[in-house]
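Student: Could you take me slowly through this structure, giving the general idea behind each feature before the case at hand?

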Amino acid sequence: MAGEILTVSAPAKINLYLKVIGRREDGYHLLATLMQKIRLADTLLLRRSHSGISLTCHGSDLPADEKNIVFRAAQLFFVTMGRRLAAGQPGIDITLNKKIPVAAGLGGGSSDAAATLRGLNQLYDARCSVDELLAMAGRLGADVPQFVVDWPIVWATGIGDRLEPAAPLGDFRILLVNPGSSVSTKWVYEKFALTVGKNLNNLKSLQKKSLAPAGENSVFTTRSIRPEELENDLEMVTAVHFPVIETLKKKLLAGGAAAALMSGSGPSVFGLFPGNRRHQAATCFEELKKEFGNTFLVDPWH
């Protein structure tokens, strides 16, 4: 009934492993990536209304119309699933409370879109299958399907649309720092193509070094990733333009992290602190928090 409210969490992610292993003719890059969801999340409040889509964003200056992926996700859901819904024009009022930094390599927008699809499916009892939700998610963005599945850690290949559950991350706390700059994913991939050269052979050479080439099962679907295996091809692009990335990695390692890496297209950086270094993680968090407001000490999503 109208007025019914549902609260949905939209977790952030970090990329523990990201290799660019090819490029399609349409310009999309082929990836092999290990994505760990973390205990940093946006919250969406969805309230049924009689008609239309209303979006309010708290904690950011994001638009509240078709320029926002949450709004587009609601539009797509109603267009795709309209025949299954109760008689009358369905509507939704959405309040998005942002905690995940925007354009930070943490998948916040993609996670918000997936949470919108999942929430509307539940609120309107549309009985969408996972495949139907994944199909809608894929139309919204390459990363969105990874947040539709409820696996805490996901191995993704293709353009990010071929998904497998992966082995859980070991006993680590995650210290995440966003230096405050916004980075366009599109810009990073364009720069990456220039950095490695536009010749596909250069990308194939990267594939040979990958622990999991496209189309093959990853070792990470059967065992946890080790700190020394953390890798992100995009880091070499973003770090050139944002030197603070290397600075943060050094501070995290000096503070006791077993490994440090940029997430996604950046510029957020995270460190993995083993369970026996929790005190060091807390101390490092307090130090970095003084300089960078968007600093979070969180656990993996289980």
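Tutor: We begin with pLDDT, which is the predictor's confidence in each residue, from 0 to 100. This is a predicted model, in which local features need pLDDT of at least 70 and side-chain atom pairs count only at pLDDT 80 or more, while totals for chains, interfaces and linings use all residues. Residues are numbered from 1 along each chain as its sequence is written, and side-chain values use heavy atoms, with hydrogens and water left out.

Student: What does the protein average in pLDDT?

Tutor: The average is 90, and 90% of the residues score at least 70. Over residues 198-208, however, the pLDDT is below 50, although this stretch has 19 contacts in the model beyond near neighbours in sequence; contact means heavy atoms within 4.5 Å.

Student: Is S111 buried or exposed?

Tutor: Buried means under 20% relative accessible area, exposed over 50%, and partly exposed in between, using a 1.4 Å probe and protein chains only. S111 counts as buried because its relative accessibility is 0%. This residue lies in helix α2, residues 108-123, where helices (H or I, at least four residues) and strands (E, at least two) are DSSP runs, numbered from the N terminus.

Student: Which residues is S111 in contact with, leaving aside neighbours within four places in sequence?

Tutor: Those residues are A10, P11 and F147.

Student: Which residues of α1 and α3 meet?

Tutor: From α1, the residues I69, R72, A73, L76, F77, T80 and M81 meet E132, M136, R139 and L140 of α3.
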